[in-house]
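Consider the model shown here. The text below goes through it from the overall fold down to single residues.

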Amino acid sequence: MFLKKSLLAVALGTALTAVALSGCNSTTANTTTTAATTLHGIVSPLPATRGEDGRLYDSVAPANSVYIWPGERAPNDTSTAEEKITQRAAEGQLSDRMYTGTQKPQLAFYYPPQDKANGIGLILFPGGAYVRTVIDKEGEVLAPVFAQMGYTVAVLNYRLPQDHHVEGADAPLADAQRAIRVMRSMAGQLNLKEVGIMGFSAGGSLAGLAATCYTRHTYDKLDVIDDFSARPDFAAMIYPVASMQDGITHQESRMSLIGENPSAATVDAYSADKQVNDYTVPTFLVHAVDDPDVPVQNSLLMFNALKAHNIPTEMHLFGEGAHGFGLRNVQDKPAGIWPTLFYNWQQRLDATQAQK
């Protein structure tokens with residue numbers, strides 16, 4: 001992967017250094033590491049993870065999973081949706097499953113090597129227009145990559161608003177808040193000092209809402225886990241549906257989350273850019289300029305809102321990538337460097353906060 005001159009990048013408070021990565025052409029069965037990249041003095045290897053059959057960036061099963069709610073289902077939930085996993089990939093192709101009808105939200109864990117563990121938890125929210133969760137390319141493919149970087153990673157399979165859960169449009173946010181609290185409650189056993197979040201597409205919408213609306217009351221306290229804060233330490237929004245405004249939003253995501261004719265107040269309440277305030281968490285943004293599904297204006301609006309409130313932020317825009325690229329679809333494009341850019345931003349953020 002090579003960072004070409006066509007890369008468009010915008011960064012607040014930091015300069016972008018162009019770097020080059022070697023190709024992912026190792027024959028190792030499990031994980032390999034590309035040439036180390038130095039950005040602002042921080043070394044970040046980009047692991048080339050492989051599935052059980054040795055294929056590059058295939059899905060890797062989690063080490064273990066935990067239900068986020070006591071009794072497995074959320075309290076008072078009477079949804080009758082049928083849980084289903086559908087394989088969308090043709091035979092011989094890399095796995096591309098979608099989950100629908102989720103009733104029992106889970107965190108699927110991936111652990112870092114002991115010598116790389118950085119004490120930071122990272123929860124991934126896969127996308128899927130709020131009608132499905134795309135668990136492979138934005139979950140079980142990326143999780144081992146970030147685990148090899150040192151993060152303790154968990155992929156959240158969250159409930160979907162169209163399934164008539166008791167929380168309505170807040171069902172995904174309730175799951176996100178609970179998941180953050182669950183991971184914080186496990187900080188002792190996992191040796192965590194921070195918990196951050198990363199969301200993709202509609203999952204990017206969820207990450208934006210979790211980063212801005214962590215005090216929104218979405219469910220009543222259930223147990224001691226709910227004594228922990230739902231505020232993440234940082235957020236990453238990857239090609240996010242940040243806005244619910246007509247002409248900017250992704251219409252399927254908007255319809256699934258807030259319906260066909262939402263009020264102006266409802267549109268604002270579920271637009272992450274409209275919810276940014278002085279207490280929003282530091283946020284990292286990635287988008288492709290040629291995205292045909294979720295216009296790049298979503299990230300631009302979010303970036304401008306963060307900047308207006310002096311929230312630490314960094315945004316990277318790539319000329320190519322389209323939508324839903326994850327890592328698989330941009331291995332040979334400049335956008336393939338985005339996990340390294342995130343890593344370096346997050347490590348600089350840690351270093352900056354440690355100095356305060």
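Predicted model: local features only at pLDDT ≥ 70, side-chain atom pairs only at ≥ 80, totals over all residues.

Residues are numbered from 1 along each chain as its sequence is written, and side-chain values use heavy atoms, with hydrogens and water left out. The pLDDT is the predictor's confidence in each residue, from 0 to 100. Its mean over the protein is 88, and 87% of the residues reach 70 or more. Residues 1–44 have pLDDT below 50; in the model this stretch makes 112 contacts beyond near neighbours in sequence, a contact being heavy atoms within 4.5 Å.

The protein has 10 helices and 16 strands. These are DSSP runs numbered from the N terminus: helices are H or I with at least four residues, strands are E with at least two. Among contacts with a separation of 6 or more, 76% join residues 24 or more positions apart. Of the 356 residues, 59% count as buried; buried means under 20% relative accessible area, exposed over 50%, and partly exposed in between (1.4 Å probe, protein chains only). The protein exposes about 14000 Å², of which carbon and sulfur atoms supply 48%; accessible areas come from the Shrake-Rupley method with a 1.4 Å probe, and for residues only the protein chains shown count as cover.

A nonpolar core is a set of buried Ala, Val, Leu, Ile, Met, Phe, Trp, Tyr and Cys residues joined through side-chain atoms within 4.5 Å. The largest one has 55 residues, and those with the most contacts inside it are Leu107, Ile123, Phe125, Leu156, Ile197 and Met302. Helix 3 (residues 171–185) gives the most to this core, with seven residues. Another core, of 41 residues, lies apart from it and includes Ala48, Val153, Ile238 and Leu349.

Gln103 sits in the loop between strand 8 (97–100) and strand 9 (106–110). Is Gln103 buried or exposed? Gln103 has a relative accessible area of 6%, so it counts as buried. Leaving aside neighbours within four places in sequence, its contacts include Glu72, Arg73, Asp77, Arg159 and His165.

Helix 10 (residues 338–355) is mostly covered, with 13 of its 18 residues buried. At 1.5 Å a residue it should span 26 Å, and its end C-alpha atoms are 26 Å apart, which agrees. The expected span is 1.5 Å times one less than the number of residues.
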